[in-house]
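Subject: Structure for your files, with notes

Dear colleague,

I am passing on the structure that we spoke about, and I would be grateful if you could read the notes below beside it.

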Amino acid sequence: MRLVPACKNLQIFKFLPSVQAHCSFFSAVTNTLQVPVDGFENENKKIDFDLLFPSCTTVHLAKCLHSLLVVSGRVKNIFLSAKLVNLYAYLDDVSFSRRTFDQIPKKDIYTWNSMVSAYVRSGRFQQAIECFYHFLLTSDLRPDFYTFPPVLKACGNLVDGKKIHCWVQKLGFESDVFVAASLIHMYSRFGLLVIARKLFNEMPIRDTGSWNAMISGFCQNGNAAEALDVMNEMRLDGVKMDPVTVSSLLTVCAQSNDMLSGMLIHLYVIKHGLEFDVFVCNALINMYAKFCIVDHARKVFDQMKIRDVVSWNSIIAAYEQNDEPITAFEFYKKMQQNGIQSDSLTLLSLASIIAQLTDDQKSRSVHGFILRRGWLMQDVATGNAVVDMYAKLGSIDSARTVFEGLPVKDVISWNTLITGYAQNGLASEAVEVYDMMKERTDIIPNQGTWVSVLPAYSHLGALQQGMRIHGRVMKNCLYMDVFVGTCLIDMYGKCGRLDDAMLLFYKVPRKSSVPWNAIISCHGIHGHGDKALELFKNMLVEEVKPDHVTFVSLLSACSHSGLVGEGQRYFDAMQKEYGIKPSLKHYGCMVDLFGRAGHLEMAYNFIKNMPVQPDASIWGALLGACRIHGNVELCKFASDSLFEVETENVGYYVLLSNIYANFGKWEGVDKVRSLARDKGLRKTPGWSSIEANNKVDVFYTGNQSHPNCEEIYTELRFLTAKMKSLGYIPDYSFVLQDVEEDEKEHILTSHSERLAIAFGIISTPPKTPIRIFKNLRVCGDCHNATKYISKITEREIIVRDANRFHHFKDGICSCGDYW
DNA sequence: GTAGGGTTAG
């Protein structure tokens with residue numbers, strides 16, 4: 001080939017590959033277009049370059065064509081060079097468009113238009129606008145009809161385009177259908193729908209594109225009703241909907257949960273033969289996925305003749321978001337088998353699938369894949385998905401590391417990390433991250449932030465901080481958001497303010513089960529079983545459909561209040577009247593309900609008749625009941641069964657060792673403890689916290705390092721003496737160490753809950769309520785002592801432990817010693 | 001020779 005040496009000196013050939021590449025290009029184009037290679041060698045006279053452009057389907061081929069133009073000198077032809085600008089843009093290589101553009105010495109309007117639209121097509125809106133202004137400043141040419149649509153599109157993504165609109169008016173292009181559609185679309189993107197509608201109404205001639213611009217304007221603002229109105233006007237006008245109309249409308253139907261309209265449009269699609277358009281099918285898949293009708297989504301997907309990456313992403317996301325991670329993963333594998341390259345959205349779904357499948361090993365591969373593609377650095381959404389994946393898998397440290405490495409962190413990155421800590425039981429870390437976001441960034445918290453940080457405050461019992469958020473939320477009316485509202489209800493309920501929780505409950509929208517579940521559960525943990533049942537009945541009156549969570553809240557409320565008969569009835573009703581299949585959580589509540597009430601045999605028989613395999617939580621509930629009611633035989637059986645299915649949860653070892661200690665079987669205690677030690681399990685240390693003077697203080701058992709330590713122990717000595725004079729006898733069965741009597745009394749008085757109460761007494765005004773939180777269950781002797789303390793100090797003492805609330809007042813506890 | 005209106009996201 002003589003061509004190659006001739007090309008060597010030319011700048012453009014830096015990009016050109018080997019001799020073989022030239023050969024393959026030549027054979028490709030000459031075969032297709034029947035251009036003899038001789039023709040090129042005879043001064044190119046026989047080659048029609050215009051015909052070569054459509055053959056260039058890759059950047060590589062485009063570069064080869066470019067080289068041909070350079071070598072043959074035809075690059076000087078202004079038409080052909082401008083076509084190259086467009087070609088590179090279509091092949092998604094805008095930097096080559098620009099290089100080619102720069103090499104054109106005398107640019108005409110077509111050249112400029114091509115460059116601007118090349119930028120727009122590749123999403124570089126800022127550069128498109130800059131190029132347009134550069135054109136206005138440096139060229140004598142006037143913009144034409146073709147100039148404005150891309151420029152207006154760029155404006156819709158960046159700045160107010162009113163200035164550009166003035167230009168359009170000055171030049172008299174407003175009546176052009178293409179320009180008008182662009183204006184309508186641009187104003188819609190700014191939410192200026194009135195202006196958009198006015199322009200639309202004033203159009204003398206409307207084509208389908210004009211209608212589509214108006215409809216998509218409403219759709220992109222989530223204005224479903226108006227979009228459907230325009231659709232009806234359009235049809236009355238006798239204009240047929242095309243695939244563009246339909247795909248916009250399907251999306252807005254999905255967003256607004258309008259299943260009826262969505263299905264009617266689907267019928268239209270079938271009747272008018274639009275079901276082979278890829279955009280339409282993709283929109284249908286997404287719509288059915290949002291409606292949770294995955295089968296319909298699947299049917300649409302199956303009958304598609306051509307599928308693109310969006311089709312695959314949509315069907316994968318459909319299964320992923322409807323809790324079918326296994327099927328979703330199968331589709332991902334099929335996508336690969338079909339040779340479709342994943343994009344960042346594929347990986348977004350994949351990360352969530354892996355989290356749902358709890359597949360630690362695959363999580364590393366997903367992370368690696370994303371890292372290699374550079375998406376972690378370019379695309380914050382992908383980064384957030386990785387953080388979320390690790391957090392959901394419990395690898396919160398990996399989540400943190402990925403988070404730290406993100407070059408740009410948006411509000412969702414922060415929310416994801418906060419939620420990650422909160423859901424892994426690390427509430428104070430969650431709060432720390434929230435504080436860090438507040439102090440070190442300008443990021444404005446949103447609904448998601450409140451939903452992530454409020455549960456952390458609930459967990460810590462940080463009422464003051466929670467209330468501060470309530471204040472902020474009030475300002476922008478976000479408390480009307482059902483999720484934020486529910487988190488606040490939960491926070492007040494879990495911080496002991498049941499009245500405030502109720503007040504709020506009546507303010508938030510309660511059409512869905514979400515706030516009902518929260519308020520029922522709050523009454524349950526406060527031991528107000530009757531009120532929980534009443535709320536459930538109100539829920540039915542207001543025609544809110546209970547879900548599986550409602551019944552968990554309801555059954556556990558029955559269990560806390562000893563409402564055995566009611567619990568049984570609702571367990572039955574749940575299956576028969578509401579068609580909800582009980583999950584292990586429901587079975588656990590029932591075992592707890594029977595066990596706590598002392599019906600150990602019933603609890604055991606219930607487990608035997610369960611249609612599913614009992615897990616550790618079920619045996620744990622039975623073991624807990626055995627502890628309260630002291631059944632040694634069943635205890636042995638329950639613990640054996642428990643450790644067959646679960647050996648990692650330290651709580652169960654502690655429970656069993658406590659039972660042995662209760663019976664004074666110290667060998668048993670030692671055995672269980674060494675068993676746990678061998679497994680490398682360490683007991684969760686018990687702590688209690690109290691929020692006083694805008695600050696949360698945390699006490700561990702036997703704490704000596706608190707600044708008010710001396711005063712606290714003095715107060716406790718004083719209280720113990722007073723309690724004894726009123727008839728208090730320490731119950732040493734709650735001392736879980738084999739030590740002397742003196743030592744036992746000291747151990748009881750230095751339990752974390754007592755330190756916190758004593759601190760509350762000395763640091764808050766007399767007779768004000770004291771609110772305490774304990775991470776484990778409150779000790780029985782402390783429970784008894786707190787009754788006396790409430791009488792002596794004339795204070796209401798509210799203790800929330802891992803299980804429920806205890807309200808102490810005038811020497812009695814709201815739980816009636818039943819917990 | 002060029003242009004508008006469309007599908008997937010935490």
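The notes take up the conventions, the DNA surface, a sheet and a helix pair, in that order.

This is a predicted model, in which local features need pLDDT of at least 70 and side-chain atom pairs count only at pLDDT 80 or more, whereas totals for chains, interfaces and linings use all residues. Residues are numbered from 1 along each chain as its sequence is written, chains are lettered from A and ligands numbered from 1 in the order in which they are written, and side-chain values use heavy atoms, with hydrogens and water left out.

DNA strand B is surrounded by 45 residues, the closest being Tyr110, Asn212, Asp277, Asn282 and Asn384 (a residue is near a strand if one of its heavy atoms lies within 4 Å of it). Of the atoms of DNA strand B that come within 4 Å of the protein, sugar and phosphate account for 33%. Helix α14 (residues 208-220) supplies the largest share of this surface, six residues; helices here are DSSP runs of H or I with at least four residues, strands are runs of E with at least two, and both are numbered from the N terminus. Among the polar contacts (pairs of N or O atoms within 3.5 Å; within protein, one must be able to donate a hydrogen and the other to accept it, and residues adjacent in sequence count only if both atoms are side-chain atoms), a side-chain N or O atom of Gln321 lies 3.0 Å from a phosphate oxygen of DNA strand B, and a polar side-chain atom of Ser247 is 3.0 Å from a base nitrogen.

An open sheet of six strands, with mixed pairing, has the order β2-β1-β3-β4-β5-β6 (two strands pair if DSSP finds at least two bridges between them). Its edge strands, β2 (695-700) and β6 (812-813), each pair on one side only. Strand β1 (residues 687-692) runs antiparallel to β2 and is joined to β2 by six bridges, with Glu691 opposite Val696 in β2.

Elsewhere, the axes of helix α37 (residues 584-596) and helix α39 (residues 616-629) come within 9 Å and cross at roughly 10 degrees (axes are lines fitted to C-alpha atoms, for helices over the stretch in contact, and angles run from 0 to 180 degrees between N-to-C directions). α37 and α39 are therefore roughly parallel to each other, a term for angles under 35 degrees.

With best regards

Technical notes
Angles under 35 degrees count as roughly parallel, over 145 as roughly antiparallel, 65 to 115 as roughly perpendicular and the rest as oblique.
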